[in-house]
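Please open the structure in a viewer and keep the selection panel at hand.

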Amino acid sequence: MSEIKIDKEKCKSCMICASICPKKLIKLNKEHVNHAGNRYVEFVDKNNECLGCGFCAISCPDMAIYEVLK
């Protein structure tokens, strides 16, 4: 079982991670922005569906995502 952590200060909301997630567990936060004024993505996995594939972390051009094993 995995949990994805996202550094909201590094995220520029390119949405590559959201498009590549097989379970579609990464969503754009539409209410808040980071210090640079960018919206950022959030990991939403209420039912523990994350496969732990790491595709989101691998695809992030800003290295804003990392995986934590539970």
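**Before starting**

The model is predicted: local features need pLDDT of at least 70 and side-chain atom pairs count only at pLDDT 80 or more, while totals for chains, interfaces and linings use all residues. Residues are numbered from 1 along each chain as its sequence is written, and side-chain values use heavy atoms, with hydrogens and water left out.

**Stop 1: the cavities**

How many cavities of 30 Å³ or more does a search of the whole structure find? The search finds two. A cavity here is a set of points, on a 1 Å grid over the protein atoms alone, where a 1.4 Å probe fits but cannot get out; lining residues have an atom within 4 Å of a point. Grid points are joined across faces, edges and corners, and a volume is the space filled by probe spheres set on the points.

The largest cavity has a volume of about 80 Å³. Select Cys21, Pro22, Cys50, Leu51 and Cys53, which are the closest to its centre among the 13 lining residues. By class, this lining has ten nonpolar, two polar and one charged residues. In this classification, Ala, Val, Leu, Ile, Met, Phe, Trp, Tyr, Cys and Pro are nonpolar, Asp, Glu, Lys and Arg are charged, and the others, Gly among them, are polar.

Next, select Lys12, Met15, Val41 and Asp62, which are among the residues lining the second largest cavity. That cavity holds about 70 Å³ of space, and its lining divides into nine nonpolar, one polar and two charged residues.

**Stop 2: the surface patch**

Select Ile20, Phe55 and Ile58, which make a nonpolar surface patch of about 310 Å². Areas come from the Shrake-Rupley method with a 1.4 Å probe.

Ile58 lies in helix H2 (residues 55-59); helices are DSSP runs (H or I) of at least four residues, and strands (E) of at least two. At 69% relative accessible area, Ile58 is exposed (over 50%; buried is under 20%, partly exposed in between).

**Stop 3: two loop residues**

Lys24 sits in the loop between helix H1 (16-20) and strand S2 (26-33). Lys24 has a positive phi of about 55° although it is not a glycine, and is partly exposed at 43% relative accessibility.

Finally, select Met63, in the loop between H2 and strand S4 (65-69). Met63, also not a glycine, has a positive phi of about 50° and is exposed, at 66% relative accessible area.

Terms used: Patch = residues over 30% accessible without salt bridge, like charges linked within 9 Å, V, L, I, M, F, W, Y side chains within 5 Å. Salt bridge = Lys/Arg side-chain N within 4 Å of Asp/Glu carboxyl O. Buried < 20%, exposed > 50% of the residue type's maximum accessible area, 1.4 Å probe, protein only. 1 Å grid on protein atoms, 1.4 Å probe; cavity = no way out; pocket = protein on both sides within 12 Å on 5 of 7 lines; lining within 4 Å.
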